[in-house]
Amino acid sequence: MIHVPALPGTPSNTLPMSAILKKVRKEADVYFKNGVDGVIVENMHDVPYVKPPANPEIISAMSLASDQLVKSRDAHHPGALTGIQILAAANREAMGVAYTTGLDFIRAEGFVYSHVADEGWIDGCAGGLLRYRSSLKADHVAVFTDIKKKHSAHSVTADVSIQEMAKDAKFNCADGVIVTGSATGSAASTEEMSQVLRGVSEFPVLIGSGINGKNARDFVKAHGFIVGSDFKIGGDWKNELDASRISKFMRHVNSLKR
């Protein structure tokens, strides 16, 4: 995960776009040179987030960041995957950026069912999002969706298990689901992972938070990991990348594949 620096118009923005894009390219180069299987760009530093639609300057900035990501991939690791998430829940905008810049997938929030996030009420969007994807003829852009998403309250769907939600995401034509802990950097539940895997066999299940070198073995049955915090200095998502942590993690994870 590349946490793109705060973008123009957001409270924490301090950098011009040229500096933001330089940082995105630098981090992408580090990731791809260390052999990761894919990289996502995400506007995590844009806190506090707002509900969709995303502002035009955010969409434009993330398009430029995605272009830097693709160029880095082509230069250093042509077989790797590239993706995007635009916060908060700007899934349609992410799809448009992914299609126009040549990314492989988006990470979506609120795909099926609804939940309460710190931005407010987030509605399910599967029908509208996939119709938009079809209108673009962008079926090659995969949608991986969070279920029982982190940083959210799920009392309104308390009677729906995470396994059932995964089944519904599959039924509604998601390309994979993402299981997380309660917050960024918090580990997911191995039991919840197992429930989801039992419910949606032969369907991609990713772990989307809290993965590190110490617990990766516990989640080895998952089909992939999305890692951000553990690749930063001190394991803090706000810090700079630590190439040594990335290379060490990749050696460890590759050994688990054998």
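User: Which residues does Ala98 touch, not counting residues up to four places away in sequence?

Analyst: Contact here means heavy atoms within 4.5 Å. By that rule Ala98 touches Ile84, Leu103, Phe105, Ile106 and Val141, leaving out residues up to four places away in sequence. Ala98 itself lies in helix H3. Helices (H or I, at least four residues) and strands (E, at least two) are DSSP runs, numbered from the N terminus. This is a predicted model, where local features need pLDDT of at least 70 and side-chain atom pairs count only at pLDDT 80 or more, while totals for chains, interfaces and linings use all residues. Residues are numbered from 1 along each chain as its sequence is written, and side-chain values use heavy atoms, with hydrogens and water left out.

User: Is Ala98 buried or exposed?

Analyst: Start with the cut-offs: buried means under 20% relative accessible area, exposed over 50%, and partly exposed in between (1.4 Å probe, protein chains only). Ala98 has 0% relative accessibility, so it counts as buried. Its C-alpha atom is separated by 9.0 Å from that of Ala138, 40 residues apart along the chain.

User: Which strands does helix H3 lie across?

Analyst: Helix H3 (residues 91–101) lies across strand E3 (81–85), strand E4 (105–108) and strand E7 (142–146). Its angle to E4 is about 170 degrees. Axes are lines fitted to C-alpha atoms, for helices over the stretch in contact, and angles run from 0 to 180 degrees between N-to-C directions.

User: Now the sheets. What is the strand order in the open sheet of eight strands?

Analyst: Strands of a sheet pair through backbone hydrogen bonds, either parallel or antiparallel. The rule used here is that two strands pair if DSSP finds at least two bridges between them. The eight-stranded open sheet has the order E1-E2-E3-E4-E7-E9-E10-E11, with parallel pairing. Its edge strands are E1 (2–3) and E11 (224–225), each pairing on one side only. At one end, E10 (residues 205–207) and E11 pair in the parallel sense over two bridges. Leu206 stands opposite Gly224 in E11.

User: What is the order of the three strands in the other open sheet, and how do they pair?

Analyst: Their order is E6-E5-E8, and the pairing is antiparallel. Strands E6 (120–122) and E8 (152–153) are the edges, each pairing on one side only. Two bridges join E5 (residues 115–117) to E8. Ala117 has Ser152 in E8 as its bridge partner.

User: Back to strand E1. What polar contact does the side chain of His3 make?

Analyst: A polar contact is a pair of N or O atoms within 3.5 Å; within protein, one must be able to donate a hydrogen and the other to accept it, and residues adjacent in sequence count only if both atoms are side-chain atoms. His3, in strand E1, makes one with the side chain of Lys232 at 2.9 Å. His3 is buried, with a relative accessible area of 5%. Leaving out residues up to four places away in sequence, His3 touches Glu27, Glu42, Met44, His45, Gly228, Lys232 and Trp237.

User: How many salt bridges does the count come to?

Analyst: Side chains of opposite charge can pair when their charged atoms come close. The cut-off for a salt bridge is a side-chain nitrogen of Lys or Arg within 4 Å of a carboxyl oxygen of Asp or Glu. The count comes to 14. One of them pairs Asp146 with Arg107, the closest N and O atoms being 2.9 Å apart. Asp146 lies in strand E7 and Arg107 in strand E4, so this pair ties together parts that are 39 residues apart in sequence. Both residues, Asp146 and Arg107, are buried.

User: Where do Asp175 and Arg133 lie?

Analyst: Asp175 forms a salt bridge with Arg133, with the closest N and O atoms 3.1 Å apart. Asp175 is in the loop between helix H5 (162–171) and strand E9 (176–179), and Arg133 is in helix H4 (residues 126–136), 42 residues apart.

User: Which residues are linked in a network of salt bridges?

Analyst: Lys23, Glu27 and Glu240 are linked in such a network.

User: What does Ala174 touch, not counting residues up to four places away in sequence?

Analyst: Ala174 lies in the loop between H5 and E9. With residues up to four places away in sequence left out, Ala174 touches Phe111, Val143, Thr145, Ala169 and Phe203. Ala174 is buried, with a relative accessible area of 7%.
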